[in-house]
Amino acid sequence: MPHVISDTALIFHRHLRQTLRSKPALVFGLVQPLLFLVLFGPLLTGIPLGGEGDSWQTIVPGILIQLGIFSASFAGIGIIFEKRTGVIERMRVTPVSRLALLMGRVLKDVVQLLLQSVVVVLVAVAMGLRAPVPGILIGFAFVGALTVSLASLSYALAMRVESPQGFAPVINSVTMPAMLLSGILLPMSLGPRWLDIASHFVPFRYLVDGVRAAFAGDYGDGKVGLACLVATGLAVVAVTLGARIFRQAGA
């Protein structure tokens with residue numbers, strides 16, 4: 001275990017330095033959620049959305065989950081380019097833990113997504129969001145857990161495909177309907193009954209509901225607890241699958 005932790009820290013620092021050197025990637029990763037916040041949020045101000053809080057307490061949690069889904073799902077594309085340039089081949093002959101090769105990357109993604117989430121919340125506060133600090137911190141925790149899950153699956157998929165052309169269509173085909181059915185823009189309870197029922201088969205729906213309840217300061221109605229169970233289960237399954245693929249590939 002100490003070997004895995006030290007190797008994870010090594011891989012984490014390596015990829016974090018690469019990310020910090022690529023400042024445009026950090027900035028452009030925030031463009032879409034901030035556009036939703038600035039251009040879409042004011043349209044719904046004061047409109048009852050069926051949530052537990054006001055319109056900002058409904059919109060901002062959805063944007064945070066959207067940021068986690070979209071960014072973490074495409075995290076694995078970097079591995080495809082590393083395979084093409086021989087980086088993965090060189091790593092295969094090192095004694096670094098294969099689990100650390102996955103978790104170091106995933107932890108870098110978690111830190112990046114959390115920093116971006118802080119920026120989104122600060123802008124939202126300036127625009128009118130009012131939410132309890134514990135609720136915001138719970139929301140960040142769910143974004144972190146979601147990032148662990150989707151980034152692990154994204155890296156696992158990237159180890160199995162050979163080109164971005166084989167990677168991107170799979171990600172888009174899964175994330176787009178999942179985001180729409182999770183209710184990130186508006187609560188699914190506002191839609192027709194069949195659509196609301198279908199959304200309950202999408203695990204992201206429970207995370208969105210949990211973050212919205214936390215932002216409204218409602219921690220006791222079960223939504224936060226259910227979201228915690230879903231987030232934990234997703235993370236365990238995704239990390240286990242990702243670690244197995246990394247070991248099989250000798251990455």
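Predicted model: local features only at pLDDT ≥ 70, side-chain atom pairs only at ≥ 80, totals over all residues.
Q: What makes the secondary structure of the protein a matter of helices or strands?
A: The protein has 11 helices and 0 strands, and from the N terminus on its elements run α-α-α-α-α-α-α-α-α-α-α.

Q: How do you know whether the radius of gyration of the protein agrees with that of a compact globule?
A: For 251 residues a compact globule would have a radius of gyration near 18 Å, and because the protein has 18 Å, the value agrees with that expectation. Along the principal axes, the C-alpha atoms fill a box of roughly 60 × 35 × 35 Å.

Q: What share of the residues of the protein counts as buried, and what share of contacts joins residues at least 24 apart?
A: Of the 251 residues, 47% count as buried, where buried stands for a relative accessible area under 20%. Among contacts between residues at least 6 apart in sequence, 80% join residues at least 24 apart.

Q: What belongs to carbon and sulfur atoms in the accessible surface, and how far apart are the mean positions of the charges?
A: The accessible surface of the protein comes to about 11700 Å², and 72% of that surface belongs to carbon and sulfur atoms. The mean positions of the 19 positive and 11 negative charges are 11 Å apart.

Q: Why is the pair of Phe70 and Phe74 called tilted?
A: The structure holds 2 aromatic pairs. In the pair of Phe70 and Phe74 the ring centres are 5.3 Å apart and the planes stand at 50 degrees, so the pair is tilted, given that planes under 30 degrees apart count as stacked and those over 60 as edge-to-face.

Q: Why is the pair of Phe74 and Phe167 called edge-to-face?
A: The ring centres of Phe74 and Phe167 are 6.3 Å apart, which lies within the 6.5 Å limit for a pair, and their planes are at 70 degrees, which is over 60, so the pair is edge-to-face. This pair links distant parts of the chain, with Phe74 in the loop between helix H3 (55–73) and helix H4 (77–84) and Phe167 in helix H8 (residues 164–182), 93 residues apart. Ring pairs link Phe70, Phe74 and Phe167 into a cluster.

Q: What makes Ser149 count as buried or exposed?
A: Ser149 has a relative accessibility of 2%, which is under 20%, so Ser149 counts as buried. This residue is found in helix H7 (residues 133–160), and, not counting residues up to four places away in sequence, Ser149 touches Ala231, Leu234, Ala235 and Ala238.

Q: Why is Ala75 called buried, and what is in contact with Ala75?
A: At 17% relative accessibility, Ala75 falls under the 20% limit and therefore counts as buried. Ala75 has its place in the loop between H3 and H4. Leaving aside neighbours within four places in sequence, Ala75 is in contact with Asp109, Ala151, Ser154 and Tyr155. The C-alpha atoms of Ala75 and Ile11 are separated by 15 Å, and the two residues are 64 residues apart along the chain.

How values were computed:
Residues numbered from 1 in each chain as written. Heavy atoms only, no water. Helix = DSSP H or I, 4+ residues; strand = E, 2+ residues; numbered from the N terminus. Rg over C-alpha atoms; globule rule 2.2 N^0.38 Å. Buried < 20%, exposed > 50% of the residue type's maximum accessible area, 1.4 Å probe, protein only. Contact = heavy atoms within 4.5 Å. Areas by Shrake-Rupley, 256 points an atom, 1.4 Å probe, with all protein chains shown as cover. Lys, Arg positive; Asp, Glu negative; His and termini not counted. Charge placed at Lys NZ, Arg CZ, Asp CG, Glu CD. Phe/Tyr/Trp six-rings, centres within 6.5 Å; stacked < 30°, edge-to-face > 60°.
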